[in-house]
Amino acid sequence: MASSATAAETWVQGRKVLHACVYAHSYEAEVNLSYRNHDLPWGTSVFLIYGWGGQNNFVPYDWENEQTLEVFASAPWTWSTTVHGITSTRTTPKWAEHLDFVWKVVLPNGHVFYEKGNHSTWGYYAANLNTVGEIPCTSDGNFVGPTYPLTVTSVEKW
């Protein structure tokens, strides 16, 4: 049974770049996610379960390329990580518009709960990639420019 913590905070920042400036080959996103919960005991483990969502030939999709990452503490009671993904390419009518995710929290006693901002059975967070301001061009594969706060929505799914 999944439950959700009550004193938790989630915030997300991101940026995108356009690879191969002349050819406009692909767009890539870098997303920084953080989770804070002052009610968790010392020794708690946190994992990020995430996937990409958007439109494929104007048909919505979610949770593509689902992955699970162990997330490490970045400050007291705070866990942070960064993920990357190609959000669109020149040769396909598919583009990612949001990062879907939940925090899997494992307490020292082995109890597990999923933080997703709601109490629905299959709920999750969705971070909107369309709230990224500038999308600079880079030919060397590096991310340039500032990160932007991404709008995070708690999606209820039963």
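Author: A strand, labelled E, is a DSSP run of at least two residues, and the strands are numbered from the N terminus. In this predicted model, Thr138 lies in strand E9, which covers residues 137–138.

Reader: Why is Thr138 called buried?

Author: The word buried stands for a relative accessible area under 20%. Thr138 has a relative accessible area of 5%, so Thr138 counts as buried.

Reader: How do you know what Thr138 touches?

Author: Contact means heavy atoms within 4.5 Å, and by that test Thr138 touches Val17, Leu18, His19, Ala20 and Cys21, with residues up to four places away in sequence left out of the list. One of these, His19, also has Thr138 as its bridge partner in E9. The side chain of Thr138 reaches the backbone oxygen of Asn142 as well, at 3.4 Å; a polar contact needs N or O atoms within 3.5 Å, so this distance falls inside the cut-off.

Reader: Is Ser26 buried or exposed, and how do you know?

Author: Ser26, which is found in strand E2, has a relative accessible area of 5%. Buried means under 20%, so Ser26 is buried. Ser26 touches Val17, Leu18, His19, Ile86, Ser88 and Thr89, not counting residues up to four places away in sequence.

Reader: Why is Gln67 called partly exposed?

Author: Buried means under 20% and exposed means over 50%, with partly exposed in between. Gln67, in strand E4 (residues 59–75), has 38% relative accessibility and therefore counts as partly exposed. Gln67 touches Leu48, Ile49 and Tyr50, again leaving out residues up to four places away in sequence. Gln67 and Leu48 are 19 residues apart in sequence, while their C-alpha atoms are 8.0 Å apart in space.

Reader: Why is the pair of Tyr35 and Trp79 called tilted?

Author: A search of the whole structure finds seven aromatic pairs. In the pair of Tyr35 and Trp79, the ring centres are 6.1 Å apart and the planes stand at 35°. Centres within 6.5 Å make a pair, planes under 30 degrees apart count as stacked and over 60 as edge-to-face, so this pair belongs to the rest, called tilted. Tyr35 lies in strand E2 (residues 26–37) and Trp79 in strand E5 (residues 78–89), so the pair ties together parts that are 44 residues apart in sequence. Tyr35 is buried at a relative accessible area of 0%, and Trp79 counts as buried at 8%.

Reader: What makes the pair of Tyr50 and Trp52 edge-to-face?

Author: The planes of Tyr50 and Trp52 are 85° apart, and the distance is 6.4 Å centre to centre. That angle is over 60 degrees and the distance is within 6.5 Å, so the pair is edge-to-face. Both Tyr50 and Trp52 are buried.

Reader: How do you know that Lys94 lies over the face of Tyr61?

Author: For Lys, NZ has to be within 6 Å of the ring centre and within 35 degrees of the ring normal. Lys94 lies over the face of Tyr61 at 5.1 Å from the ring centre, and Lys104 lies over the face of Phe47 at 5.7 Å from the ring centre. Lys104 also stands opposite Tyr114 in E7.

Reader: What makes E6 and E7 a pair?

Author: E6 and strand E7 (residues 112–115) have four bridges in the antiparallel sense, and at least two are needed. E6 and E7 form a hairpin with five residues between them, and Gly110 in the turn has a positive phi of about 95°.

Note on methods. Residues are numbered from 1 along each chain as its sequence is written. This is a predicted model: local features need pLDDT of at least 70, side-chain atom pairs count only at pLDDT 80 or more; totals for chains, interfaces and linings use all residues. Side-chain values use heavy atoms; hydrogens and water are left out. Buried means under 20% relative accessible area, exposed over 50%, partly exposed in between (1.4 Å probe, protein chains only). A polar contact is a pair of N or O atoms within 3.5 Å; within protein, one must be able to donate a hydrogen and the other to accept it, and residues adjacent in sequence count only if both atoms are side-chain atoms. Rings of Phe, Tyr and Trp (its six-membered ring) pair if their centres lie within 6.5 Å; planes under 30 degrees apart count as stacked, over 60 as edge-to-face and the rest as tilted.
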